[in-house]
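The sequence and structure come next, followed by the points grouped by topic.

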Amino acid sequence: MDTFIEYIVKKKKTAKDYLTMAAIITGVLLLAVLCLLFNSLLFGIPFILFVFCCWGAYMLITSSNVEFEYILTNSELDIDKIIARRARKRILTVNFREIEICAKPDDPSFKHIYDNTAGISRIERLHGDINSGNVYFVDFSRDSEKVRVLFEPNERILNEIKKINPRRVNI
């Protein structure tokens, strides 16, 4: 029997994201004032520049809307990053038959494994806060490098990956 589960997690915006948006809006407002001052001298070129800057500001601000989509198909979990609902990028694929461990970072039984980052060459953080409650880490090897992924699955995905590899997945 084939398994197919989809789950989307919206990335929470940080203070840095809000500061970046404020800086972009401030820059566009300053450009608007400059365009009003110099528009009659340069025959409309500042207005055209202002329109392109508004479009660029819109694209930059909406690109901070990020979602992560988890797609579990049989034993493989595909993790995609969706930016502003207009661009999708595959971050990685994890085969849960070949993982080393999957557990919560704050679980006392696995805290020493989570704290030991020796030999891990790449860490993907797909969440806002490690203390959010539903964050799990997965260690696996791919192309002779050890990778750790922190992600937020739902209960259906957790139950299915537990069925796939019950000795390595700790719920």
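Predicted model: local features only at pLDDT ≥ 70, side-chain atom pairs only at ≥ 80, totals over all residues.

Strand 2 and strand 3 make a hairpin, with 2 residues between the strands. Asn-74 lies in that turn and has a positive phi of about 55°.

**Strand 2 and its partners**

- Strand 2 spans residues 66-73, and strand 3 spans residues 76-83.
- One of the residue pairs across them is Glu-67 with Ile-82, the latter being the bridge partner in strand 3.
- Strand 2 also pairs with strand 1 (residues 4-10), again in the antiparallel sense, over 7 bridges.
- On that side, Glu-69 of strand 2 stands opposite Ile-8.
- Strand 2 is mostly covered, with 7 of its 8 residues buried.

**Cysteines**

- How many disulfides does the structure hold? The count is 0.
- Cys-54 has its closest cysteine sulfur in Cys-53, at 7.3 Å. A disulfide requires two cysteine sulfur atoms within 2.5 Å, so the sulfur of Cys-54 is too far from that of Cys-53 for a bond.
- Cys-54 is partly exposed, because its relative accessibility is 29%.
- Cys-102 has 0% relative accessibility and therefore counts as buried; the cut-off for buried is under 20%.

Terms used. Residues numbered from 1 in each chain as written. Heavy atoms only, no water. Buried < 20%, exposed > 50% of the residue type's maximum accessible area, 1.4 Å probe, protein only. Helix = DSSP H or I, 4+ residues; strand = E, 2+ residues; numbered from the N terminus. Pairing = 2+ DSSP bridges.
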